[in-house]
Amino acid sequence: MGEENTMKDVMYKLSANLQALMVREEGQDLVEYALLVALVSLGAVAALSTLAVDINSVFTTIGTKLTSAAA
């Protein structure tokens, strides 16, 4: 029985700590900045993926024209 009470105490303390963390607003700004950075990063990756295809196409075209001009 003593072990069950200890586990209940631990779970109660964990629950109380989690509720206290949810109420606190000290770290809220940091979380918002992290979400903003993640959103900007995802947008940059999507844009750069599209841009990479276009740049590859331009260099392929340049390479083809240089090869045909040298021949």
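The protein chain of this predicted model exposes about 6,700 Å² of surface. Of the 71 residues in the chain, 0% count as buried. The secondary structure consists of two helices and zero strands.

One part of the surface is a nonpolar patch of about 680 Å².

| Residue | Relative accessible area | Class |
|---|---|---|
| Leu51 | 42% | partly exposed |
| Ser49 | 42% | partly exposed |

Why is Leu51 classed as partly exposed? The relative accessible area of Leu51 is 42%, and the partly exposed class lies between the limits of under 20% for buried and over 50% for exposed. Ser49 is partly exposed because its relative accessible area is 42%, a value judged by those limits.

Ser49 also makes a contact with the backbone. The side chain of Ser49 reaches the backbone oxygen of Val45 at a distance of 2.8 Å.

Methods:
Residues are numbered from 1 along each chain as its sequence is written. This is a predicted model: local features need pLDDT of at least 70, side-chain atom pairs count only at pLDDT 80 or more; totals for chains, interfaces and linings use all residues. Side-chain values use heavy atoms; hydrogens and water are left out. Helices (H or I, at least four residues) and strands (E, at least two) are DSSP runs, numbered from the N terminus. Buried means under 20% relative accessible area, exposed over 50%, partly exposed in between (1.4 Å probe, protein chains only). Accessible areas come from the Shrake-Rupley method with a 1.4 Å probe; for residues, only the protein chains shown count as cover. Patches are made of residues with over 30% relative accessible area and no salt bridge: like charges are joined within 9 Å, nonpolar side chains (Val, Leu, Ile, Met, Phe, Trp, Tyr) within 5 Å. A salt bridge is a side-chain nitrogen of Lys or Arg within 4 Å of a carboxyl oxygen of Asp or Glu. A polar contact is a pair of N or O atoms within 3.5 Å; within protein, one must be able to donate a hydrogen and the other to accept it, and residues adjacent in sequence count only if both atoms are side-chain atoms.
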